[in-house]
Amino acid sequence: MAKTKTQKVDVILVDLDTFASDRDLSTILHQLQNNPVTQDIPVILLTTTVLSQEQFTKLGVRTAIAKPFDLITLASQVSAVLGWNQ
């Protein structure tokens with residue numbers, strides 16, 4: 001959140017498993033969605049939890065990338081999800 005105040009951000013990766021509760025996650029996602037600076041930035045969850053497309057939509061995120069993931073291919077996975085390699 002702090003970086004969005006001083007830098008242009010193309011995507012926000014949120015590690016779902018670091019949140020103590022669903023309420024914490026809901027709070028941060030709500031803040032992102034209601035902030036004019038961040039509301040149009042795509043959000044991708046990094047998680048061990050299996051979520052459906054309906055849950056992504058409800059949360060207001062683009063999708064999730066399953067953990068563990070390969071750090072070397074993470075950038076290409078994010079690019080693919082956002083359609084940047086087309």
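Me: Where in the chain is confidence lowest, and where is it highest?

Reply: Helix H2 (residues 53-59) comes lowest, at a mean of 79, and E1 comes highest, at 88. You're looking at a predicted model, in which local features need pLDDT of at least 70, side-chain atom pairs count only at pLDDT 80 or more, and totals for chains, interfaces and linings use all residues. Residues are numbered from 1 along each chain as its sequence is written, and side-chain values use heavy atoms, leaving out hydrogens and water. The score, pLDDT, is the predictor's confidence in each residue, from 0 to 100. Helices (H or I, at least four residues) and strands (E, at least two) are DSSP runs, numbered from the N terminus. Over the chain, the mean pLDDT is 83, with 95% of residues reaching 70 or more.

Me: In what order do the three strands form the open sheet?

Reply: Strands of a sheet pair through backbone hydrogen bonds, parallel or antiparallel. Here the order is E1-E2-E3, with parallel pairing. E1 and strand E3 (63-66) are the edges, each pairing on one side only. Pairing takes at least two bridges found by DSSP; E1 and strand E2 (residues 43-47) are joined by four, and Val-14 has Leu-45 in E2 as its bridge partner.

Me: Which residues line the largest pocket?

Reply: The lining is Met-1, Lys-3, Thr-4, Gln-7, Val-9, Ile-12, Val-14, Phe-19, Ile-28 and Leu-32. A pocket is an open set of points on a 1 Å grid over the protein atoms alone, where a 1.4 Å probe fits, with protein on both sides within 12 Å along at least five of seven lines; lining residues have an atom within 4 Å of a point. Strand E1 (12-15) and helix H1 (22-34) each give two or more residues to that lining.

Me: What is Ile-28 in contact with, leaving aside its neighbours within four places in sequence?

Reply: Contact means heavy atoms within 4.5 Å. Ile-28, in helix H1, touches Met-1 and Phe-19 on that basis. The C-alpha atoms of Ile-28 and Met-1 are 9.0 Å apart, though 27 residues separate them along the chain.

Me: Which residues does a cis peptide bond join?

Reply: Most peptide bonds are trans. In this model, a cis one joins Lys-67 and Pro-68, with omega about 0°. Pro-68 sits in the loop between E3 and helix H3 (71-82).
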